[in-house]
Amino acid sequence: MADQTERAFQKQPTVFLNRKKDLPAKKKKGLRYYKNVGLGFKTPKFAIEGTYIDKKCPFTGNVFIRGRILTGVVTKMKMQRTIVIRRDYLHYVKKYNRFEKRHRNMSVHLSPAFRDVMLGDIVTVGECRPLSKTVKFNVVKVTKASGNKKGFTKF
């Protein structure tokens, strides 16, 4: 059964839950819908074996990755299932024949399939349909940050 943390009953629309009990000799496999998003990204193990329900997840929900693929660094994790990433880039100033550093913050949907995401991690995001007013991208891959900074971390 799925994790029920919301007020409404959470279920995957493609899975029928009220199947009749038949032959007890058959091994019951957990009913779960998941898919491969393509573009060379692997489906996380927790998306296949987990019990979470997220309709905005690219692996288990009704969202398709199409369009741009971008990378950024995680800067804020204070929202539910949404993170803020920072994208740094260089802007050319013609007058001085030089580049200046600029950045953009983006709100990105983070699926519960990625459990151990921390600040400073590098994430790869893929464009999808608008999920809310500011969220139009979905995390498809997480790369752990290099541990050269001083500070306390969890184990």
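Guide: Start with one term: a residue is exposed if its relative accessible area is over 50%, buried if that area is under 20%, and partly exposed in between. Also keep in mind that this is a predicted model.

Visitor: OK. Is N97 buried or exposed, then?
Guide: N97 has 54% relative accessibility, and because the cut-off for exposed is over 50%, N97 counts as exposed.

Visitor: Where does N97 lie?
Guide: N97 is in the loop that runs between strand 2 (82-93) and strand 3 (98-109).

Visitor: What is phi of N97 near?
Guide: Phi of N97 is near 55°, which is a positive value in a residue other than glycine. Most residues other than glycine have a negative phi.

Visitor: What about L39, what is its phi near?
Guide: The phi of L39 is near 60°, again a positive value in a residue that is not glycine. L39 is placed in the segment before helix 1 (45-49).

Visitor: Buried or exposed, that L39?
Guide: L39 is exposed, since its relative accessible area is 58%.

Visitor: Let's switch to rings. How many aromatic pairs does the structure hold?
Guide: There are 3 aromatic pairs in the structure. One of them is F46 with Y52: the ring centres are 5.8 Å apart and the planes are at 20°, so this pair is stacked.

Visitor: Why does 20° make the pair stacked?
Guide: Planes under 30 degrees apart count as stacked, and the planes of F46 and Y52 are at 20°.

Visitor: How do F46 and Y52 count for accessibility: buried, partly exposed or exposed?
Guide: F46 counts as partly exposed, at 24% relative accessibility. Y52 counts as buried, at 3%.

Visitor: Which residue lies over the face of Y52?
Guide: R32 does, at 4.7 Å from the ring centre of Y52. In another place, the charged end of K35 sits over the ring of F64, 3.9 Å from the centre of that ring.

Visitor: Which residues does S111 touch?
Guide: Leaving out residues up to four places away in sequence, S111 touches Y52, D54, C57 and P58. S111 itself is in the loop between strand 3 and strand 4, and at 1% relative accessibility S111 counts as buried.

Visitor: And S107, where does that lie?
Guide: S107 lies in strand 3. With a relative accessible area of 19%, S107 is buried, because the cut-off is under 20%.

Visitor: Which residues does S107 touch?
Guide: Not counting residues up to four places away in sequence, S107 touches M79, T82, I83, V84, T134, V135 and K136.

Visitor: Where is P130?
Guide: P130 is in the loop between strand 4 (122-127) and strand 5 (137-143). P130 counts as exposed, at 53% relative accessibility.

Visitor: How many residues apart in sequence are P130 and V63?
Guide: They are 67 residues apart in sequence, and in space their C-alpha atoms are 9.7 Å apart.

Visitor: Last topic, the surface. Which residues make the nonpolar patch?
Guide: L90, Y92 and F99 make a nonpolar surface patch of about 350 Å². Of these, L90 lies in strand 2 and counts as exposed, at 56% relative accessibility.

Key. Residues numbered from 1 in each chain as written. Predicted model: local features only at pLDDT ≥ 70, side-chain atom pairs only at ≥ 80, totals over all residues. Heavy atoms only, no water. Helix = DSSP H or I, 4+ residues; strand = E, 2+ residues; numbered from the N terminus. Buried < 20%, exposed > 50% of the residue type's maximum accessible area, 1.4 Å probe, protein only. Contact = heavy atoms within 4.5 Å. Phe/Tyr/Trp six-rings, centres within 6.5 Å; stacked < 30°, edge-to-face > 60°. Lys NZ or Arg CZ within 6 Å of the ring centre and 35° of its normal. Patch = residues over 30% accessible without salt bridge, like charges linked within 9 Å, V, L, I, M, F, W, Y side chains within 5 Å. Areas by Shrake-Rupley, 256 points an atom, 1.4 Å probe, with all protein chains shown as cover. Salt bridge = Lys/Arg side-chain N within 4 Å of Asp/Glu carboxyl O.
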